[in-house]
Amino acid sequence: MDAGQDRRPSGGDGGLRSAVVVNPVKVADLDDLRRTVNDALAAAGWPEPQWFETTVDDPGRGQTEQAVKAGVDLVFACGGDGTVMSCVSGLVGTDVALAVLPQGTGNLLAANLGLSTDMAAGLQVAIERGRRLLDVGAVEDRYFTVMAGMGFDAQMLAATSETTKARIGWPAYVMGAARHLRDRPMRVQIRIDDRPPVRRRARSVLIANVGRLQGGVRLLTEAEPDDGWLDIAVLTPRNLRHWLALGWAVIRRNGRVPQMEVFRARRVVVTSNRAQPRELDGDLISPGRQLRAVVRPQALWLCVPQPEEAPDLAVDAQKAGERGEQLIEEARRE
């Protein structure tokens with residue numbers, strides 16, 4: 001994190017040049033959002049940001065690349081995990097930082113790195129210029145910051161309706177998961193770096209950059225977003241009792257989780273005996289028989305809170321939120 005602070009853009013007295021890439025489907029009142037963000041940044045001494053709306057054909061990568069070419073210092077990703085992932089793909093390998101203004105129900109990156117789901121906190125974290133340089137995972141020409149998966153996890157996402165997510169939030173995923181607990185396993189071959197492949201009958205294979213799932217549940221206790229490794233979890237429950245034991249161990253944060261093996265890799269190739277649903281950072285991609293991922297070390301600058309004492313950065317950004325609310329109120333009074 002110190003390296004991130006050293007290379008933090010100063011912006012001079014005029015603040016940083018920024019852009020907002022927003023998914024309009026996720027926002028109840030786009031005009032109100034625009035006023036709030038513009039006024040808050042102006043109150044902080046920043047110039048007015050550029051605004052880009054995502055589309056079905058381009059969920060954020062192209063707009064982010066446009067913003068980078070225009071010379072911005074920072075891009076706000078305003079939407080769900082799909083919007084964040086698309087913005088990441090446009091920022092990997094650049095010096096332009098990503099700030100997250102969560103609007104969806106998943107927000108896995110927010111859960112893992114102490115990024116509050118509160119709009120005011122998201123703005124304040126960016127304004128205070130805390131930075132962390134993260135690894136990302138690459139799958140084909142796309143990137144993920146949290147995890148990629150094949151099998152059960154993607155089935156769960158496919159079975160969870162947007163309406164239910166909007167109504168009850170992350171518990172909707174539990175309902176989606178329940179529909180697939182008894183599905184048959186897949187036969188997979190997993191090649192870790194240059195080692196001989198391992199073969200398993202698995203329900204899910206997760207390739208993780210960080211360790212938390214929906215609801216803040218920590219599946220992989222050793223996974224860190226800037227250690228240069230991907231953590232691979234192979235879930236092998238065969239019946240409901242196995243699922244319950246696995247879930248209970250994860251919730252209790254036991255050192256050993258039954259029906260789960262963990263590997264570490266710089267690159268990994270998972271090959272199934274049949275086409276499987278697949279996902280990146282909670283966003284479904286096309287089904288396939290293979291999931292191939294490689295780590296890109298120190299590839300993304302992310303705006304994060306800077307708590308004085310927090311070995312685990314997944315802390316509530318409550319103080320930043322309070323400062324952000326005060327900034328927004330001051331901006332509205334002007």
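Which side chain of opposite charge is nearest to Asp-281? In this predicted model, local features require pLDDT of at least 70 and side-chain atom pairs count only at pLDDT 80 or more, whereas totals for chains, interfaces and linings use all residues. Residues are numbered from 1 along each chain as its sequence is written, and side-chain values use heavy atoms, with hydrogens and water left out.

The nearest such side chain is that of Arg-142, 9.3 Å away. Asp-281 is buried (under 20% relative accessible area, 1.4 Å probe, protein chains only) and has no salt bridge, defined as a side-chain nitrogen of Lys or Arg within 4 Å of a carboxyl oxygen of Asp or Glu. Asp and Glu count as negative and Lys and Arg as positive; His and the chain ends are not counted. Asp-281 is located in the loop between strand 13 (267-280) and strand 14 (283-303); strands are DSSP runs of E with at least two residues, and helices are runs of H or I with at least four, numbered from the N terminus. The side chain of Asp-281 reaches the backbone nitrogen of Val-146 at 2.8 Å. Beyond neighbours within four places in sequence, the contacts of Asp-281 (heavy atoms within 4.5 Å) include Asp-81, Phe-144 and Val-146.

Met-156 belongs to helix 7 (residues 152-158). Met-156 counts as buried because its relative accessibility is 17%. The C-alpha atoms of Met-156 and Pro-277 are 9.6 Å apart in space, although the two residues are 121 residues apart in sequence.

Terms used
Buried means under 20% relative accessible area, exposed over 50%, partly exposed in between (1.4 Å probe, protein chains only). A polar contact is a pair of N or O atoms within 3.5 Å; within protein, one must be able to donate a hydrogen and the other to accept it, and residues adjacent in sequence count only if both atoms are side-chain atoms.
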